[in-house]
There are 2 protein chains.
Amino acid sequence: MKIGIIGSGVVAQTLGTKLIELGHDVALGTRDPAKLDEKKNMAGSLREWLGQVKNKGKVLSFKDTGAHGELLLNATHGQVSVEALQMAGAAQVGSKVLIDLANELDFSKGMPPGVLASHERCVAERIQSAFPNLRVVKSLNTVAATVMVNPKGLKDGDHTIFVAGNDGDAKAKVSNLLKSFGWVDILDLGPLSAARGPEMYVAMWVRLYGALQNGNINIKVQG
Amino acid sequence: MKIGIIGSGVVAQTLGTKLIELGHDVALGTRDPAKLDEKKNMAGSLREWLGQVKNKGKVLSFKDTGAHGELLLNATHGQVSVEALQMAGAAQVGSKVLIDLANELDFSKGMPPGVLASHERCVAERIQSAFPNLRVVKSLNTVAATVMVNPKGLKDGDHTIFVAGNDGDAKAKVSNLLKSFGWVDILDLGPLSAARGPEMYVAMWVRLYGALQNGNINIKVQG
């Protein structure tokens, strides 16, 4: 499948690498694809990434990435997601499925970061509202990038990942992608408004990270 | 132990019953203890509760409940907790331990309720700020009342409960009480500011409840 990842930080690079391993045709979208040597957020440069994936991936502009992907992933910071998707031509790409992985974190006051999500502030809902043509599915924002693509590496995969979105077919497609990563316990929380749950949960995640001093964590829903 | 529970709804009654079973001397605090026949929030009247516990519990005013308890529990709605604790004389009771179980839920727009917690809005921090003498420990707000007092009733107790607070001795006392309920996996999230984690997590809980149609749920932290 042709997949366009909007973003080029650690989440984008980690997902890109995994999706290439799985045989997909992956483009990473960045503001200025000529700046291949710029150090990225918590990750190496895009030139290093291209080396890691043996040049099987592409680095494109936001706009070309939006056009490339049959499936789109939003791996930008939540604060700039709508702007980045605007640049990716999200309003013009038709009814593509967008997996939204974003969180809004405020690192300005030190650690742990403030989690800006609230019952009135939800990245996924803001994206859906800005681009009603997209079929937005919230997922994967509740775990670190390493866990996203390798759930079996934590307690043999015995933990839960969430999907939320208004389109059942889109959620089924995303669930299939999650299964290809090794996810087994995939819980459908309902319509996109339910994305407030996983977005606000991140306030718990940052405290678990602080308490356990380890990002290789997740939760298993027991019920 | 003498325990004062501020509140008289379903959480207060369920905890009161359990604590009486465990041999504690329990008072439930209510605005007007003469109104024993008033139907309570999601629970029966306090006269019915007194019958259930074979009159081993007391129903007192907020003020007398605050004086009665060596240990205090806040089981009021988060929106009215500071006011109720004011009436309970919380500023005058010394350095008692207060377990804060409250959440701020907005049912005015239907189900699921809005969860008002945010990185700038946290009941436990508001209580600690209003009553700096109290040793506030946030706990138990992440599960339904039935799970609070009977964790073994769900997956044999294989799930996590959280504590957060600024006083280590207070957290140890609360952890012992939790153990007496059957809790095994008790996770210390750190100082009271970490209460934002479990308070914001409730936005996930209400979506889990919606998806699973069942309140007998919790999460197990895997890490």
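Q: Is the crossing of α8(A) and α8(B) left-handed or right-handed?

A: The crossing of α8(A) and α8(B) is left-handed. The model is a predicted one, and every value here is computed from it. In each chain, helix α8 covers residues 196-212. The two helices pack with their axes 7 Å apart and at an angle of about 150 degrees. Angles over 145 degrees count as roughly antiparallel, so α8(A) and α8(B) are roughly antiparallel to each other.

On the side of α8(A), the contact is made by Arg196(A), Gly197(A), Pro198(A), Met200(A), Tyr201(A), Ala203(A), Met204(A) and Arg207(A). On the side of α8(B), the residues are Arg196(B), Gly197(B), Pro198(B), Met200(B), Tyr201(B), Ala203(B), Met204(B) and Arg207(B). Sorted by class, this helix contact has ten nonpolar, two polar and four charged residues.

Next, chain A as a whole. Chain A has eight helices and eleven strands. Its C-alpha atoms fill a box of roughly 45 × 35 × 35 Å along the principal axes. A compact globule of 223 residues would have a radius of gyration near 17 Å, and the 16 Å of chain A agrees with this. Of the 223 residues in chain A, 48% are buried. Among contacts in chain A between residues at least 6 apart in sequence, 74% join residues at least 24 apart.

Ala88(A) counts as buried because it has 29 C-beta neighbours inside 10 Å. Leaving aside residues up to four places away in sequence, Ala88(A) touches Ile6(A), Gly29(A), Phe62(A), Lys63(A), Thr65(A) and Gly66(A). Asn74(A) is 14 residues from Ala88(A) along the chain, and the C-alpha atoms of the two are separated by 10 Å.

Some backbone details remain. Most residues other than glycine have a negative phi, and most peptide bonds are trans. In chain A, a cis peptide bond joins Met111(A) and Pro112(A), with omega about -10 degrees. Pro112(A) is placed in the loop between β6 (105-106) and β7 of chain A. In chain B, the peptide bond from Met111(B) to Pro112(B) is cis, with omega near -10 degrees. Pro112(B) is placed in the loop between β6 (105-106) and β7 (114-115) of chain B.

Positive phi values occur at Lys155(A), about 45 degrees, and at Asp156(A), near 55 degrees. Lys155(A) lies in the loop between α6 (145-149) and β9 (160-165) of chain A, and Asp156(A) lies in the loop between α6 and β9 of chain A. Lys155(A) has 15 C-beta neighbours inside 10 Å and so counts as partly exposed. Asp156(A), with 11 other C-beta atoms within 10 Å, is exposed.

Terms used: Residues are numbered from 1 along each chain as its sequence is written. Chains are lettered from A and ligands numbered from 1 in the order in which they are written. This is a predicted model: local features need pLDDT of at least 70, side-chain atom pairs count only at pLDDT 80 or more; totals for chains, interfaces and linings use all residues. Axes are lines fitted to C-alpha atoms, for helices over the stretch in contact, and angles run from 0 to 180 degrees between N-to-C directions. Helices (H or I, at least four residues) and strands (E, at least two) are DSSP runs, numbered from the N terminus. Angles under 35 degrees count as roughly parallel, over 145 as roughly antiparallel, 65 to 115 as roughly perpendicular and the rest as oblique. A crossing is left-handed if the near helix is turned anticlockwise from the far one by less than a right angle, and right-handed if clockwise. Two residues are in contact if their C-beta atoms, placed from the backbone, lie within 7 Å. Ala, Val, Leu, Ile, Met, Phe, Trp, Tyr, Cys and Pro count as nonpolar, Asp, Glu, Lys and Arg as charged, and the others, Gly among them, as polar. The radius of gyration is taken over C-alpha atoms; the globule rule is 2.2 Å times the number of residues to the power 0.38. A residue is buried if 20 or more other C-beta atoms lie within 10 Å of its own, exposed if 12 or fewer, and partly exposed in between; C-beta atoms are placed from the backbone.
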